[in-house]
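Me: I would like to go through the labels given to this model and see what each one rests on. Please set the values against the cut-offs.

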Amino acid sequence: MPTPILIAARNEANSISQTLSALQGSDVEPIVIPNGCIDNTADIARNFGVTVLECSEEGKVAALQIAISYLG
């Protein structure tokens with residue numbers, strides 16, 4: 001069972017590809033939570049086939065709360 005990795009990302013379109021590429025092939029399940037983004041961070045993450053949870057609020061706390069709720 002892969003280990004979930006929570007990635008709160010705000011306007012990280014320039015670096016999210018590098019982050020997700022580094023995680024490919026490992027036994028992890030990246031979960032990207034774009035929070036308050038105005039760029040295409042979420043679209044880039046979706047293109048990697050990872051779980052993307054939208055968060056309209058800015059801040060890591062809000063993003064991580066959504067992810068924790070998702071994980072149950």
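**Labels and their grounds**

Reply: Start with N35, which is buried, its relative accessible area being 3%. The model is a predicted one.

Me: Why is N35 called buried?

Reply: Buried requires a relative accessible area under 20%. N35 has 3%, so the label applies. This residue is in the loop that links β2 (28-34) and α2 (41-47). Residues up to four places away in sequence aside, N35 touches A8, A9, R10, C55, E57, E58, G59, K60 and A63.

Me: What makes G72 exposed?

Reply: The relative accessibility of G72 is 96%. G72 belongs to the segment after α3 (60-71). Between G72 and D27 there are 20 Å from C-alpha to C-alpha, at a sequence separation of 45 residues.

Me: Why are β1 and β2 said to pair?

Reply: Pairing takes at least two bridges between the strands. Strand β1 (residues 3-9) and β2 have seven bridges, in the parallel sense, so they pair. T3 has V28 of β2 as its bridge partner. From β1 the chain passes through helix α1 (residues 16-23) to β2, a right-handed β-α-β crossover.

Me: What makes β2 and β3 a pair?

Reply: Two bridges join these parallel strands. Because the requirement is at least two, β2 and β3 meet it. V32 is opposite V52 in β3.

Me: Why are β1 and β3 called edge strands?

Reply: The sheet is open and has three strands in the order β1-β2-β3, paired in parallel. β1 and β3 (51-52) each pair on one side only. Helix α3 packs on this sheet and touches β1, β2 and β3. The direction of α3 makes about 150° with that of β1.

Me: What makes a set of residues such as I7, L20 and V32 a nonpolar core?

Reply: Members must be buried residues of the listed kinds, Ala, Val, Leu and Ile among them, joined through side-chain atoms within 4.5 Å. The largest such core has 11 residues: I7, A9, A13, I16, L20, V32, A42, I44, A45, V50 and V52. At least two residues of this core come from each of β1, α1 and α2, and α2 gives the largest share, three residues. Neighbours within four places in sequence aside, L20 contacts I7, P30, V32, A45, F48 and V50. There is also a second, separate core of seven residues, including I33, L53, A62 and A63. In soluble globular proteins, nonpolar side chains tend to be buried together.

Notes. Residues numbered from 1 in each chain as written. Predicted model: local features only at pLDDT ≥ 70, side-chain atom pairs only at ≥ 80, totals over all residues. Heavy atoms only, no water. Helix = DSSP H or I, 4+ residues; strand = E, 2+ residues; numbered from the N terminus. Buried < 20%, exposed > 50% of the residue type's maximum accessible area, 1.4 Å probe, protein only. Contact = heavy atoms within 4.5 Å. Right-handed = clockwise from strand over helix to strand, strands pointing away. Axes fitted to C-alpha atoms, helices over the stretch in contact; angles between N-to-C directions.
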